[in-house]
Amino acid sequence: MRRSLLLAGLTVASLVASIAGASAQQRMVRVGVLECRGGASIGFVVGSVTNLGCVLRADGVPEDRYVATIRKVGLDLGITQETALAWGVFAPVDRLGPGDLSGSYAGAQGSASVGVGLGGNVLVGGSNNSIALQPLSVQGQVGLNVAAGLESLELRPGR
């Protein structure tokens, strides 16, 4: 279990470092926070699929709702009862319009829980891969689970 946590932490740290380097090349502005919540999820050794409801919260802009599908590939063992995620949203512009986060994102992730647990993931995607979702994404989950690997996130406009 410790080895899995170490692997998950190293994976997330290396991706954060690579995104920080890419962000230095292109000016990125924090435009808000994407918060997602969902129900139960079951890991299938080599991956899992989780559906979440999300909302983008930004100052001076009405809430923008999304439906998210997260797919993990890599080690994913266990069952979680509920999941809550939050990412800082960084973009090359200081304001996004309704539905602008829609699209595909990819990155690395790691998480572990025995009862209550934590995880982290950094994702890049959206329009021309110009949007970065960076941890604040400390993932809170309840259950028994260990996961590390690659993650994709598909965001669609929601209600």
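A salt bridge here is a side-chain nitrogen of Lys or Arg within 4 Å of a carboxyl oxygen of Asp or Glu. The model is predicted: local features need pLDDT of at least 70, side-chain atom pairs count only at pLDDT 80 or more, and totals for chains, interfaces and linings use all residues. Residues are numbered from 1 along each chain as its sequence is written, and side-chain values use heavy atoms, with hydrogens and water left out.

**Stop 1: the salt bridges**

Select R57 and E63. Their closest N and O atoms lie 2.1 Å apart, in a salt bridge. Three salt bridges turn up in the whole structure.

Strands are DSSP runs (E, at least two residues), numbered from the N terminus.

Shared partners join E35, R57, E63 and R65 into one network.

Colour by accessibility. Buried means under 20% relative accessible area, exposed over 50%, partly exposed in between (1.4 Å probe, protein chains only). R57 is partly exposed at 35%. E35, at 31%, is partly exposed. E63 is partly exposed at 44%, and R65 is partly exposed at 38%.

**Stop 2: the disulfide**

Select C36 and C54. Their sulfur atoms are 2.0 Å apart and form a disulfide (cysteine sulfur atoms within 2.5 Å). The pair links distant parts of the chain: C36 in strand β1 (residues 29-38) and C54 in strand β2 (residues 41-58), 18 residues apart. The link is right-handed, with 110 degrees about the S-S bond. Both C36 and C54 are buried.

Key
Helices (H or I, at least four residues) and strands (E, at least two) are DSSP runs, numbered from the N terminus.
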